[in-house]
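Student: I am new to this structure and would like a close look at a single part of it. Could you take me through that part slowly, and then show me what surrounds it?

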Amino acid sequence: MKLLEVLNARRSFGGLVAVDQVSFSVFSGQIKAMIGPNGAGKTTLFNIISGLLPTETGKILFKGKNIHRLKPFQIAHAGISRTFQNPSLFLKMSVLENVMVGRHSRTRWGFIGCGLRFPGQIREEKHIQEAALEQIAYVGLEHLADSPAGSLGFGQRRMVELARALATEPELLLLDEPASGLNPKETEDLGLLIRKIRDTGVTILLVEHDMSLVMDISDDVLVLHNGSVIAEGTPSAVQDDQKVISVYLGKGLAHAAPGEKSSMRLRRP
Amino acid sequence: MLKRLIPIVLMAAVIVAVQLLATALEKEYCLTQLTMAIYYSMVVMGLCLVMGYAGQVSLGHGAFFAIGGYTSAILTTRSFLSLQDTWWAGILKRLHVFVLREDMFGSPIMTVSPWAAFLAAMIVTFIAAFLIGYPALRLKGHYLAMATLGFAMIVHKIVLGSAFAGAADGITGVPEWTLGAGLVITGKSVARVQNYYLASGIALVILILLGNLVRSRVGRALQAIHDQETAANAMGINTSAYKLQVFIVSALIAAIAGVLLTHYTGGIGPSESSILKSVRYVALAAAGGMANLWSASLISTLINYLSLRDWFGTFDNAVFGALLIIIISIAPDGPFKPLGLWIRRWSSLARVRTGEKNHETP
């Protein structure tokens with residue numbers, strides 16, 4: 001089943017077209033990776049899907065419904081959650097509180113109920129805390145639940161962000177460079193964790209530069225270059241694609257061109 | 001649960017101790033200014049919610065205080081006697097919206113009852129806060145500060161220039177407000193102690209409610225908006241709706257304080273709506289550490305009390321400015337948080353030292 005369908009998404013900043021007529025689909029239960037050199041438009045595409053930027057043309061369909069006019073919070077309600085390239089935790093809060101914020105879209109008590117502490121609100125608060133602790137344990141940070149988020153290292157912040165995103169009970173999880181800044185051991189653990197999350201029924205779309213991780217965990221790979229899709233397919237198919245090799249992996253051209261970057265520029269499609 | 005009760009019990013103990021002390025020293029007259037200071041500090045509590053938790057600055061809380069006070073004062077002093085014979089005035093009279101009483105000179109008048117006027121004040125404030133907040137809070141950044149600054153200036157000019165608001169003289173002769181159960185909001189000296197407890201009680205209730213709010217789903221959402229608005233939105237928080245709601249709630253608290261103080265002092269003047277008043281509230285909220293309701297309410301009560309007792313003389317406004325600068329540059333989290341940290345550091349240092357000594361002497 002097509003969970004997410006992006007149809008002719010386009011976004012420009014001034015004269016620069018960051019995402020140009022991109023179309024692709026993500027199927028339920030997949031781990032799909034989006035790769036491409038810096039500036040290919042991956043994060044812009046993420047921002048379009050999660051509602052932070054509107055697309056100028058086309059449609060974004062989630063479970064068959066058009067979501068491209070919805071606000072980010074409405075998209076979170078619909079079942080899409082995300083992490084950010086630079087972990088954007090609420091630094092003044094504890095790890096637990098951060099993850100508790102993730103439960104926001106699945107809970108309901110407002111100003112009056114919270115101010116007066118209705119019995120239902122107290123019960124809900126307890127559930128929020130339990131659910132958050134469960135997610136924190138899931139990413140292996142239960143010993144840090146009460147630490148301020150600002151005191152954590154980079155890798156731990158990524159994990160808290162992941163727990164926070166999972167706390168929203170997403171059907172589709174967008175991970176923006178989850179392995180950047182992680183050491184090889186942490187990256188390996190992350191790969192296992194992403195697989196584990198997928199096995200619980202969450203579909204995953206990730207942007208990643210770590211090729212060994214991408215090739216290891218993804219079912220499907222989408223390659224972007226200069227805002228357009230240049231290849232899509234299984235990891236092995238993409239690895240063998242001549243276009244991809246020339247613009248991105250640069251393998252076959254390493255001896256022919258003076259440098260990877262210049263070869264990329266020469267081969268601009 | 002017990003941890004939540006400790007500050008409430010402590011605060012209640014302080015409130016009682018102050019009254020007993022004032023009575024024992026035969027200085028009960030001080031309680032009048034203290035009661036007024038407590039009403040003013042309610043405004044600061046509401047402002048703490050907007051500034052400390054939602055990260056928005058409002059320079060219009062003096063205006064909301066004035067809107068509450070003036071609406072109440074106008075409706076409870078203006079005579080609608082000429083309308084007495086209309087059919088709807090009869091219905092409103094039966095509903096206790098209109099009451100017949102005598103004015104200061106003994107002639108009969110028909111005015112709106114304090115309860116109905118209070119309700120009207122809330123409605124007017126709600127509408128004003130909504131109209132200011134709705135456009136300003138859809139945008140990121142400090143648009144609210146600018147919008148509320150302009151709003152406060154307009155309100156001040158309207159109050160000063162309108163005959164129905166008493167122009168530069170303000171309104172006097174506002175009646176006392178009988179709340180029921182023997183409680184009356186009045187400035188009469190026989191009811192001084194009762195009104196001190198009434199004001200403290202209402203302030204304590206607001207403090208408890210706001211305390212509950214900030215330690216809940218809503219409080220976390222507000223804090224998240226303050227920290228990382230984009231991430232908060234992506235996590236499912238309707239950021240503009242929350243900012244608007246918290247702004248309206250705090251404007252309503254300011255208006256409640258305005259209504260209560262107007263009935264307590266029996267009048268209101270245009271100075272309540274001046275920009276400097278609004279800036280004062282912001283300074284006091286900042287002095288308390290913004291996101292710290294308890295310390296903000298304590299500090300604002302104290303400073304307002306000293307100001308009302310005329311301790312600062314002509315330096316009155318300068319004191320508030322200096323306070324703001326000192327607190328923000330030395331202790332941006334308010335004076336109590338670093339104080340607590342110092343105490344903890346010293347006590348742990350002392351423990352380490354004694355531990356070393358024990359180690360040296362086997």
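Tutor: Let's begin with a term: helices (H or I, at least four residues) and strands (E, at least two) are DSSP runs, numbered from the N terminus. With that in hand, look at helix 5 of chain B, residues 114–137, where Leu119(B) is found. A word on the source: this is a predicted model, in which local features need pLDDT of at least 70 and side-chain atom pairs count only at pLDDT 80 or more, while totals for chains, interfaces and linings use all residues. Residues are numbered from 1 along each chain as its sequence is written, chains are lettered from A and ligands numbered from 1 in the order in which they are written, and side-chain values use heavy atoms, leaving out hydrogens and water.

Leu119(B) is exposed, with a relative accessible area of 53%; here exposed means over 50%, buried under 20% and partly exposed in between (1.4 Å probe, protein chains only). Leu119(B) also belongs to a nonpolar surface patch, together with Ile123(B), Phe126(B), Ile127(B), Phe130(B), Leu131(B) and Tyr134(B). Together they have about 690 Å² of accessible area, a value from the Shrake-Rupley method with a 1.4 Å probe, where for residues only the protein chains shown count as cover. Like charges are joined within 9 Å, and nonpolar side chains (Val, Leu, Ile, Met, Phe, Trp, Tyr) within 5 Å.

Now step back to the chain around this helix. Chain B has 14 helices and 6 strands. Its radius of gyration is 23 Å, close to the 21 Å that the globule rule gives for 362 residues, so chain B is as compact as a globular protein of that length. That radius is taken over C-alpha atoms, and the rule is 2.2 Å times the number of residues to the power 0.38. Of the 362 residues of chain B, 50% count as buried. Its accessible surface comes to about 17200 Å², with 69% belonging to carbon and sulfur atoms.

Finally, look inside. A nonpolar core is a set of buried Ala, Val, Leu, Ile, Met, Phe, Trp, Tyr and Cys residues joined through side-chain atoms within 4.5 Å. The largest one has 106 residues, and those touching the most other members include Tyr39(B), Phe64(B) and Ile237(B). Helix 2 of chain B, residues 30–53, gives the most to this core, with 17 residues.

How values were computed: Patch = residues over 30% accessible without salt bridge, like charges linked within 9 Å, V, L, I, M, F, W, Y side chains within 5 Å. Salt bridge = Lys/Arg side-chain N within 4 Å of Asp/Glu carboxyl O.
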